[in-house]
Amino acid sequence: NLKNICVPVLNCYSCPGALGACPIGSLQAVNNSPQFNLAFYVIGLIALFGITMGRWFCGWLCPFGWIQELLHKLPLKKINIKPTIHKKAIWLKYVLLIVFVFAVPIFTQDSYGMSSPAFCKWICPAGTLEAGYPLILTNPALRQAIGYIFGWKTVLLVLTIFFSIKIFRFFCKYACPLGAIYGMFNKISFYHMECSSACIKCGRCSGVCKMQVKPYETPNSAECIRCGECIEICPIKALKLGFVHKNNSLPEI
């Protein structure tokens, strides 16, 4: 029954070990229902999560983000994405959010009010890894039902794994629609980062940032996952991360 509750991270509802529902899957499940047209409950929860913590959930709670970080630790040659390419590529997750999470499910409804959960069905590698393979490995009957969709999603999963080894949090950076949503809250979330006027602009924070953010310029960039590594490297402790207090100061962590 806990799966009726929406968790704040990308965690497939179909995973045998899942204790909650994925926000993206929940959005599409409601759109796919003949009884409802808009997931006010899910949208409200996502907004609550976002306004409170921003992309902190991506950096600290998301199981698929953790898996990507483990993959990136493998001692294989890495790929350094040029800043010009990176700045354009990060918009892909917003395209996936608009097209596959909202547009396709809304505009493909049939006469019964049913539509396709496009992102979960055709793209999500987290669902393939966390739910698809555990289910077919433990249920022989399901293996007989494997078709071209599962093959296509396996290809996407393999590509995601490969690029996650080469690029830090590849899926989080360029393809995660939930990260795109939370990123839009980063600048206004209660839990946020500030850079004081004492900053000497040495560039150490941007040098250590694996999400390719320049904290001294945009401390609340939509790409920041609140990992805190920039705070640790700052020589004068100009960066602070925390909740806003009444005196408008942030506690150092």
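Q: About how much space lies in the second largest cavity?
A: This is a predicted model, where local features need pLDDT of at least 70, side-chain atom pairs count only at pLDDT 80 or more, and totals for chains, interfaces and linings use all residues. Residues are numbered from 1 along each chain as its sequence is written, and side-chain values use heavy atoms, with hydrogens and water left out. On a 1 Å grid over the protein atoms alone, a cavity is a set of points where a 1.4 Å probe fits but cannot get out, a pocket is an open set with protein on both sides within 12 Å along at least five of seven lines, and lining residues have an atom within 4 Å of a point. With grid points joined across faces, edges and corners, and volume taken as the space filled by probe spheres set on the points, the second largest cavity holds about 80 Å³.

Q: Which residues lie nearest the centre of the second largest cavity?
A: The lining of this cavity has 14 residues. Nearest its centre are Cys199, Cys202, Cys205, Cys234 and Pro235.

Q: What is the volume of the largest cavity?
A: Its lining has 13 residues, with Cys209, Cys224, Cys227, Gly228 and Cys230 nearest the centre. The volume is about 100 Å³.

Q: Which helix gives the most to the lining of the largest pocket?
A: The largest pocket has a volume of about 970 Å³. Of its 42 lining residues, Cys12, Tyr13, Ser14, Pro117 and Cys120 are the closest to its centre. Helices here are DSSP runs (H or I, at least four residues), numbered from the N terminus. With seven residues, the greatest contribution comes from H8.

Conventions. Helix = DSSP H or I, 4+ residues; strand = E, 2+ residues; numbered from the N terminus.
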